[in-house]
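Please read the following explanation alongside the sequence and the coordinates, moving from sheet to helices to chains.

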Amino acid sequence: MEKKVITLSVNGVEYELYINPKTLLVEAIRDHIGLTGTKRGCETVSCGACTVMIDDMAVKSCSVLAIQADGRKITTSEGLEKNGELAPIQKAFLDEGSYQCGFCTSGMLMSSEALLRENPTPTEEQIREGIEGNICRCTGYNSIVRAVAAVAKGKYAEVKS
Amino acid sequence: MSEPQSKPIICPVCGKKAKTGSAIDCARHMFGTGDKPHRKWVDEHVKEHGESFIDLLIEQATTPGNRSYVLLAECIEKAVKEAEGK
Amino acid sequence: MNKYTVINPHEPFRVLNTHVHNIDGIAKVTGRATYTFDVKLPGMLYGKILRSPHPHAKIVNIDFSKAMEIPGVIGVVTGKDTLGVKQGIWRRYNDLCDEQVLPIEKVRYIGEPVAAVAAVTEEIAEKALDYIEVEYEELPATFEPLDAIKKDAPEIHEGFERNINVTRHIEWGEVEEAFEEADYIREDWFKCGGQHHMCMETRAAVASYTPEGKLTVWTSTQSAYYHQALLAGVLGLKEGNVRVLAPYVGGGFGGKFELDAAQFCASVLSMKLYKPVKIIFTREEDFIASKRRTPMFYYTRTGVKKDGTFCAREAKVFTNGGAYTGMGATALYLTGFFHSFPYRWKGYRYDGYRVYTNTLPSTSMRGFGAPQAMWCSEQQIEWIAADLGLDPIEMRRKNSHHEGYIVPGQATIASCGIDQCYDEIRKWIDGKGKLPANRAIGLSACGFMSGGIFNWFDSPYSFSSAVVTVNNDGTVELHVGAQDIGQGSNTTMAIICAEALGVKVEDVKVHSGDTDHCPADLGAWGSRQTLMTGNATKMAAESAKKQLLEFAYAGAGLNIVYDLDIKDGWVHAIARPERGEPFVDLVKRATRGKDGQRIVGRGYYTPHRKGMISPAYSYMLQGVEVEVDEETGKIKLIDSMTAHDCGQPINHLGLIGQLEGAFSMAAGYGYLEYMPFEDGKMMNPNLVDYKMIKATEMPPANIAEIDTYEPEGPYGAKEAGEGLTNPTAAAIGNAIFHRFGIQMKECPVRPEMIVNALKEKAEADKGKK
Amino acid sequence: MIHDFTYLKPGTVKEALTMLADHADECKVICGGQSLLIVMRQGLVTVDYLIDLKGLDELNYIKCDDKEGLKLGATTTHRTIEKSDIIKKSYPILAAMEEKLASIQVRNWGTIGGNLAHADAAGDPAPVLISLDAKVKLGSAKGERVMTLEEFYTDLFETALGEGEIILEVQVPPMAPKSASAYQKFNLLENDQGIVAVAVTLAADNGVCKDARIVLGNAGVTPIRAKSAEKVLIGQKLTDQLFAEAGVAAAGDADPVSDIHSSAEFRKHLITVLTKRMAKQAWDQANKG
């Protein structure tokens with residue numbers, strides 16, 4: 001085993017890491033970089049709590065080696081807000097109460113955000129498909145679906161002056 | 001529920017008056033408490049019917065009706081009367 | 001996609017039942033919320049637990065010398081490093097304290113901890129487990145309650161004859177006579193499955209013991225106070241020397257208020273090594289070695305008159321208790337009690353038996369025995385209505401509880417909105433018109449408690465307490481021992497405090513989840529906090545308000561017949577709202593007037609003379625539209641409707657979330673969440689094979705909020721969110737019954753069972769012809 | 001806990017094949033890793049060298065023409081296939097199958113080559129591709145060869161891949177005129193793996209079934225061609241009666257196991273139902289086209 005130096009761009013910040021190649025992306029983000037918003041809830045790529053975006057694409061960060069994401073653009077839940085201003089999807093989650101214990105929320109937000117970036121006007125069915133890879137034990141999902149739908153309807157669109 | 005007796009029955013083991021003070025309530029109390037002294041008392045007093053605490057308990061749970069409690073209530077009444085007689 | 005209606009709403013409040021964001025929301029949607037899972041302390045070690053591969057075995061010897069040789073391994077503990085205290089949460093009864101978290105002599109289920117390792121990395125700790133040699137002497141084991149009570153079954157706990165752990169008996173009325181009045185008696189046997197809490201955050205703890213003799217434990221808990229007291233008890237420490245901190249908690253659902261192995265082993269390791277130790281269960285560990293909903297065998301016999309009047313019911317229940325008691329004794333009573341709900345029975349008798357087996361211990365889980373009770377009761381009632389040709393809604397309605405009803409010897413119903421629940425469900429059904437041939441509607445009624453009144457934990461403290469402190473700038477500190485596990489109790493308490501004190505929610509900071517700084521509270525279980533901690537919070541806030549108003553009266557120069565009040569931060573005469581002063585001005589004056597002391601209000605709540613169970617009961621009706629494929633037995637939920645009486649709702653968004661969430665968990669219990677065991681081994685301890693509702697399976701959840709007033713609750717509030725876990729499985733069962741005429745007696749209902757039942761029915765129908 | 005390994009990242013296919021040859025029996029190939037990392041974490045798979053093909057853009061392509069049919073590079077992700085317009089148009093069954101393959105996250109990162117090589121009997125693409133008579137192009141340092149996907153599967157999690165050999169490409173012949181495919185898996189959750197799955201491709205000619213390929217997923221250790229079911233249909237004017245008979249025949253071809261999700265008997269029952277339904281669906285569509 002030979003440790004490797006990789007560069008991850010997480011939420012716009014470049015991190016140089018010296019890692020064992022078996023390090024998972026989620027471990028790099030949480031344990032090496034120290035961003036703990038991304039959670040882990042299983043060992044079988046089932047729960048989606050570790051979902052992040054790699055180049056705008058939702059991916060479960062426990063299913064990817066950190067080294068495979070070398071040089072790529074990663075976004076976690078901490079990267080959604082800009083200078084204290086919440087992103088539309090975050091505002092919608094607040095308005096709809098789309099979280100309870102909050103443990104799945106970071107992953108859920110990233111799946112929702114990736115869905116909206118790819119398809120800004122999803123149908124209800126497409127929203128449900130879009131978050132199907134994320135387990136939420138608390139909410140029953142409907143409040144999350146309502147939040148994504150509200151963003152899609154433009155409820156949180158920035159007013160252009 | 002059968003009429004509360006003029007004199008409430010007191011548990012022969014711990015001296016507690018169960019609910020209405022009827023023998024059947026006392027029987028329920030004995031099964032419900034179920035600690036070693038109560039078990040021992042029940043075992044001794046239902047032996048003549050070929051029963052034990054645990055057998056009565058299981059019968060109560062596996063057969064409709066209330067035979068176990070009624071049987072124990074009869075034993076309690078009998079024991080109380082005997083004690084009074086002394 | 002969801003319809004929300006309000007029936008007989010109360011006068012609007014300033015804060016209560018308005019659209020208030022969860023006060024922890026921003027932390028949770030920005031990734032700032034840190035959980036025990038995220039706690040990292042300087043010098044922290046990582047712990048892993050070695051678990052028994054045997055369902056029942058004597059521990060002959062444990063040799064961990066080879067593990068200690070691995071570089072990076074710092075320490076290993078076994079039962080011999082502990083005081084060997086047999087603990088349990090039913091502290092009032094010694095017999096029911098039966099679990100050594102690290103057993104010394106024998107193991108009683110697969111997955112039971114036998115040793116724990118601390119190492120500098122999680123990976124080394126995990127590797128070290130392979131180098132601990134445990135010599136077992138295997139014992140015969142028993143897995144099902146109906147086997148474990150047999151005469152020749154192996155003894156799991158010494159002195160528990162036939163493995164009977166707890167028995168419970170409930171009876172009222174002259175049961176036999178009441179049965180004699182019945183024109184029709186039906187009896188059925190049911191089998192109710194287990195269910196896993198499946199909290200997104202697995203069991204987790206970080207323990208740090210320091211040379212002062214003080215232990216601090218961060219943990220994922222439903223009750224910091226319970227864990228403080230339980231840890232003190234097993235570790236031989238004073239409660240005051242144990243500080244339990246609950247950061248954000250990733251779900252509980254009834255599974256996180258007993259002492260768990262993460263908390264215990266991390267503490268024992270830390271006390272041995274004087275270093276912080278973190279233990280996080282893997283998902284598999286969480287499945288095989290935390291706890292589960294209690295599987296039950298139910299016999300129930302019900303007698304009714306021809307016109308549908310309920311006469312008598314008798315139930316006998318055997319539950320699979322698993323290896324230890326936990327909260328099982330309470331679940332055993334509550335299942336029997338709620339099996340009578342929400343109906344009036346002239347005679348009712350319940351005998352419940354909790355049986356030890358060599359399986360994962362079962363305990364409380366959202367609904368606390370009632371989902372099993374309703375699975376049996378509400379299906380049988382539906383079948384009786386069909387047998388007698390009666391309308392199932394009207395038959396239920398005429399026998400239901402009502403305000404003022406007394407459940408003999410058990411409970412007094414002070415508020416009850418179930419009658420209107422029937423109306424709302426009827427409207428929803430009628431609005432659907434004719435359904436496609438492959439769909440049917442099922443419904444189920446239910447009631448639930450608002451906190452338990454029995455002090456089985458033997459707490460010397462009041463059940464709930466709160467302290468309200470008003471800062472000089474008008475902001476408010478609320479200290480409660482209530483635990484927010486995601487259900488939003490911090491927000492609910494902030495709302496109550498803000499409403500009572502007349503300030504904004506944003507001005508209330510809630511402090512909870514820290515035994516050093518918050519008053520003792522029994523915590524988040526049995527739907528108790530809104531009513532109990534809510535009452536304490538209201539009392540504390542009102543006390544602070546009264547102290548403030550004394551200064552306002554003194555300064556206002558008003559005729560004493562005028563009342564003063566505070567609303568929206570404005571102190572004013574009720575009769576002349578425009579005349580007044582800002583709250584903050586009054587606070588400054590009052591603080592000066594008190595010689596600089598902050599205004600502090602204290603409140604508490606302990607139920608007195610409230611019967612056997614609970615101070616108040618919520619009522620609800622669940623309807624669900626289900627599609628079932630006749631050939632494959634596949635179930636799909638199409639739509640749902642909840643009519644719900646929780647008294648006065650307090651936290652509007654929280655209430656919706658609780659109802660929708662309860663529905664999803666309960667539906668999972670009905671048709672997905674299967675927990676098969678083979679020879680004591682759970683066969684699907686992972687999220688690939690354990691199936692739960694996902695976004696694609698969840699139907700719309702329509703809600704009708706039926707507002708009533710519960711005199712015992714704060715502002716008239718009572719339970720919401722746990723109770724709705726109870727009726728749903730039966731509602732799905734009833735939909736299947738109406739779809740095909742088959743009676744499913746085992747849950748969760750799996751497609752294969754439906755197809756088999758249809759085959760049997762076809763054969764039986766052939767036989768009839 | 002994943003065992004330590006040496007990570008190798010080839011820049012070209014040629015380089016990859018050389019690395020494979022160099023480390024033949026002590027290496028494993030990772031692509032999307034959506035399944036591999038799970039079994040590595042469980043300690044079921046340990047390797048000294050891990051060769052990462054994920055970044056091989058050379059193999060990331062979808063080519064399609066009327067003569068040659070469809071060619072999918074091995075590192076093409078599921079999501080790319082699902083969203084490809086050309087696939088939606090020419091092989092709609094592939095896009096539909098992909099839509100229900102696990103979660104979006106898995107489809108975003110997982111690759112078609114990785115999926116087929118993992119050889120999970122419950123995998124979705126294999127039955128559909130076999131029903132489309134797909135082939136795989138395999139490559140090693142020694143050269144390339146092409147085999148049918150049907151032959152590719154030899155046992156549970158076992159394939160015909162030789163030492164140092166990888167999948168380079170999936171080749172699907174053009175759809176015959178008046179032909180159509182249908183695929184359905186039976187599961188409890190919409191995007192779960194199938195408890196069983198059935199893929200049917202039928203070709204019609206003047207109202208007669210000219211050709212039929214029926215493939216069963218998770219009905220044995222490998223995808224199974226239900227040849228007796230095909231026989232029921234070929235050369236016939238298809239009726240509900242024949243669809244039902246084909247279903248029964250397919251169950252006879254299956255060799256399923258019992259597990260916690262279903263008994264073997266129920267799996268056979270489901271195969272009967274799904275074969276009947278998918279055959280009918282494919283037939284109706286073929287005759288429309």
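Helix H3 (residues 105-118) of chain A lies across S3, S4 and S5 of chain A and runs at about 35° to S3(A), where helices (H or I, at least four residues) and strands (E, at least two) are DSSP runs numbered from the N terminus. Axes here are lines fitted to C-alpha atoms, for helices over the stretch in contact, and angles run from 0 to 180 degrees between N-to-C directions. This is a predicted model, in which local features need pLDDT of at least 70 and side-chain atom pairs count only at pLDDT 80 or more, while totals for chains, interfaces and linings use all residues. Residues are numbered from 1 along each chain as its sequence is written, chains are lettered from A and ligands numbered from 1 in the order in which they are written, and side-chain values use heavy atoms, with hydrogens and water left out.

The sheet of chain A is open and holds 5 strands in the order S2-S1-S5-S3-S4, with mixed pairing; two strands pair if DSSP finds at least two bridges between them. Its edge strands, each pairing on one side only, are S2 and S4 (57-60). Strands S1 (residues 4-10) and S2 (residues 13-19) of chain A are antiparallel over 7 bridges, and they form a hairpin with 2 residues between them, where Asn11(A) in the turn has a positive phi of about 50°. Val10(A) has Val13(A) as its bridge partner in S2(A) and Ile74(A) as its bridge partner in S5(A), the strand of residues 73-75 that runs parallel to S1(A) and is joined to S1(A) by 2 bridges. Further along, S3(A) (residues 51-54) and S4(A) run antiparallel and are joined by 4 bridges, with Thr51(A) opposite Lys60(A) in S4(A). Helix H1 (residues 25-33) of chain A lies across S1, S2, S3 and S5, at about 100° to S2(A).

In chain B, helices H1 (residues 23-33) and H2 (residues 36-46) pack at an angle of about 125° with their axes 8 Å apart. The contact (heavy atoms within 4.5 Å) is made by His29(B), Met30(B) and Thr33(B) of H1(B) with His38(B), Trp41(B) and Val42(B) of H2(B).

Between chains, 4 pairs touch, and the most contacts among them are between chains A and C. Chains A and B do not touch, their nearest C-alpha atoms being 36 Å apart.
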